[in-house]
Amino acid sequence: MDSPDIRPAMFRNAMARMGAAVSVVSSDGVGGRCGVTATAVCSVTDAPPTLLICLNRSSAMNAVFKANGRLCVNVLSADHEGLARDFAGQTGVPMADRFAAEDWVSSPLGLPMLQSALATFQGDIVRADEVGSHTVMLVEALDIGVHPGGRDGLVYFDRLFHRVSS
């Protein structure tokens, strides 16, 4: 049996072997404008259309998302790797400048939306539970966009970004 202090590292290493789509989760409202790169996004149900999103509790953005109560999941293409790095905090680009760098618009719901995203899901946070180091949010989609193009997808696998060809 592994000791308790080894399990978190082993868990992270094993999870690194699970490829995941890369998104920028964005929000705007009373808490401010923010965005983070996320790979912990998945579907829960299609009726009502609901997503599960996990955000680190230690992130300053966590409180902003909760205060705003609404967010947009922007599914990134392989061409957005630089943007993913910016919103992951890997490049030192200030938050306001991250939104200036690409084709961000304010959606009809008032959320920052990336026009060139492969898909977008805008919705309300209907539940937020604290689980260990993360907040698990259930988001009911109010607006969904599938954007034309057939561009390649972006996944995160083994702690690196990779292109997935269509």
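**A strand and its charged pairs**

Modeller: Asn74 stands opposite Thr120 in strand β9, and that strand is the part I will follow here. This is a predicted model, in which local features need pLDDT of at least 70 and side-chain atom pairs count only at pLDDT 80 or more, while totals for chains, interfaces and linings use all residues. Residues are numbered from 1 along each chain as its sequence is written, and side-chain values use heavy atoms, with hydrogens and water left out.

Strand β9 covers residues 119-131 and pairs with strand β6, residues 70-75, in the antiparallel sense over six bridges. Helices (H or I, at least four residues) and strands (E, at least two) are DSSP runs numbered from the N terminus, and two strands pair if DSSP finds at least two bridges between them. Strand β9 also pairs with strand β10, residues 134-146, again in the antiparallel sense, and here over twelve bridges; within this pairing, Asp124 has Glu140 of β10 as its bridge partner. Two residues lie between the strands in the hairpin of β9 and β10, where Gly132 takes a positive phi near 60 degrees.

Turning to charge, side chains of opposite charge can pair when their charged atoms come close. A salt bridge is counted when a side-chain nitrogen of Lys or Arg is within 4 Å of a carboxyl oxygen of Asp or Glu, and a search of the whole structure finds seven of them. One of these joins the side chains of Arg57 and Glu130, at 3.0 Å from N to O. This pair links distant parts of the chain, since Arg57 sits in the loop between β5 (49-56) and α2 (60-68) whereas Glu130 belongs to strand β9, 73 residues apart. Arg57 is partly exposed, with a relative accessible area of 43%, and Glu130 is partly exposed as well, at 38%; on this scale buried means under 20% relative accessible area, exposed means over 50%, and partly exposed lies in between (1.4 Å probe, protein chains only).

Another salt bridge is formed by Arg127 with Asp129, whose closest N and O atoms are 2.7 Å apart. Arg127 counts as partly exposed at 47% relative accessibility, and Asp129 counts as partly exposed at 31%. Salt bridges that share partners also join Arg57, Lys66 and Glu130 into one network, which brings us back to Glu130 in strand β9.
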